[in-house]
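Dear colleague,

I am handing over the structure below, and I would be grateful if you could look through it alongside the notes that come after it.

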Amino acid sequence: MSDWIYSDIVKDHFTNPRNVLLEDESTFDYNAKGQTGNIKCGDQMLMLLKINDDVITDVRWKTYGCASAIASTSMLSDTIKGMNIEDAYKIKPEDLVEKLGGLPSFKIHCSVLGDKALRAAIDDYLDKTGRAGLFVEETIVICHCLGITDKDIETAFKNGSRSWQQLQEATKIGTVCGACKEKAEELLHGFDHIYGN
């Protein structure tokens, strides 16, 4: 393909994805399950983990998503095998994008499905073992003037803020210098793919 816009590593993980949950694998022995995404947008992710003594010993996943979602989750699944759940919880989409040799900027939001499903699965495991809330996802400050984080924007999105104007009304983001508008709008676009309407 002459117009292939992805790295060879992405192509390999897309055409030969690792640790995919196969149709005939309905008996995969897991003790943690995470699911995220919105099938209406075509992006949904299921992550199943086998965890022993807080170490991820095996993983299976399934997605309805694009090449970026498939490749980044394949890379994630390889990365977390043998990893302590605390370290796995801290994996960021940027880590996976770097391991993949980059992704087109308009496809970065697709790489968040895997890590969100992973954290949901680890949270499920922690809940089942009586340790709910043990780990907290790190936040990134988007609006430095008002200290508004990516989590604040995610919460506002879940509460109905779908546009920049609605986000400003809900959080007051961008009302000081406005330098955060582009990044905030990228996040809104990404959350639309994850959660949709």
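The notes below go from the overall fold to individual helices, loops, the core and the aromatic rings.

Please keep in mind that this is a predicted model, in which local features need pLDDT of at least 70 and side-chain atom pairs count only at pLDDT 80 or more, while totals for chains, interfaces and linings use all residues. Residues are numbered from 1 along each chain as its sequence is written, and side-chain values use heavy atoms, with hydrogens and water left out.

Overall fold

The secondary structure amounts to eight helices and five strands, where helices (H or I, at least four residues) and strands (E, at least two) are DSSP runs numbered from the N terminus. Read from the N terminus, the order of elements is α-β-β-β-α-α-α-α-β-β-α-α-α. Of the 197 residues, 46% count as buried; buried here means under 20% relative accessible area, exposed means over 50%, and partly exposed lies in between, with a 1.4 Å probe and protein chains only. The accessible surface comes to about 10000 Å², and 49% of that belongs to carbon and sulfur atoms, the areas being computed by the Shrake-Rupley method with a 1.4 Å probe and, for residues, with only the protein chains shown counting as cover. Among contacts (heavy atoms within 4.5 Å) between residues at least 6 apart in sequence, 62% join residues at least 24 apart.

H2 is mostly covered, with 12 of its 14 residues buried, including Ala67, Ser72, Met75, Leu76 and Ile80. After H2 comes Gly82, whose phi is positive, near 85°. Helix H8 (residues 181-194) also has 14 residues and reaches 20 Å from its first C-alpha to its last, close to the 20 Å expected. The buried residues of H8 are Ala184, Leu187, Leu188, Gly190, Phe191, His193 and Ile194.

Around Ile91 and Leu96

Ile91 is found in the loop between H3 and helix H4 (93-99), and it is buried, with a relative accessible area of 9%. Leaving aside neighbours within four places in sequence, Ile91 is in contact with Leu76, Thr79, Ile80, Met83, Leu96, Asp115 and Arg119. Leu96, in helix H4, is buried as well, at a relative accessible area of 1%, and with the same exclusion of residues up to four places away it touches Ser72, Met75, Leu76 and Ile91. The C-alpha atoms of Leu96 and Leu76 are separated by 6.7 Å, although the two residues are 20 residues apart along the chain.

The nonpolar core

A nonpolar core is taken as a set of buried Ala, Val, Leu, Ile, Met, Phe, Trp, Tyr and Cys residues joined through side-chain atoms within 4.5 Å. Of the 47 residues in the largest one, Met47, Leu49, Ile80, Leu118, Ile122, Ile153 and Ile173 touch the most other members. Leu49 has contacts, beyond residues up to four places away in sequence, that include Tyr30, Ile56, Val59, Ile80, Leu118 and Ile122.

Aromatic rings

Three aromatic pairs are found in the whole structure, where rings of Phe, Tyr and Trp (its six-membered ring) pair if their centres lie within 6.5 Å, and planes under 30 degrees apart count as stacked, over 60 as edge-to-face and the rest as tilted. One of them is stacked, because the rings of Phe28 and Tyr30 have their centres 6.5 Å apart and their planes at 15°. Phe28 is buried at 11% relative accessibility, whereas Tyr30 is partly exposed at 36%. Another pair, Tyr89 and Phe135, has ring centres 5.4 Å apart and planes at 55°, so it is tilted. This pair links distant parts of the chain, 46 residues apart, with Tyr89 in helix H3 (residues 85-89) and Phe135 in the loop between helix H5 (112-128) and strand E4 (141-143). Both Tyr89 and Phe135 are buried. Separately, Arg162 lies over the face of Phe157, at 3.9 Å from the ring centre; a charge sits over a ring if NZ of Lys or CZ of Arg is within 6 Å of the ring centre and within 35 degrees of the ring normal.

Positive phi in two loops

Asn19 has a positive phi of about 60° although it is not a glycine; Asn19 lies in the loop between helix H1 (8-15) and strand E1 (32-38) and is buried, with a relative accessible area of 14%. Asp54, also not a glycine, has a positive phi of about 65° and is found in the loop between strand E2 (43-52) and strand E3 (55-64).

With best wishes

Terms used: Expected span 1.5 Å × (residues − 1).
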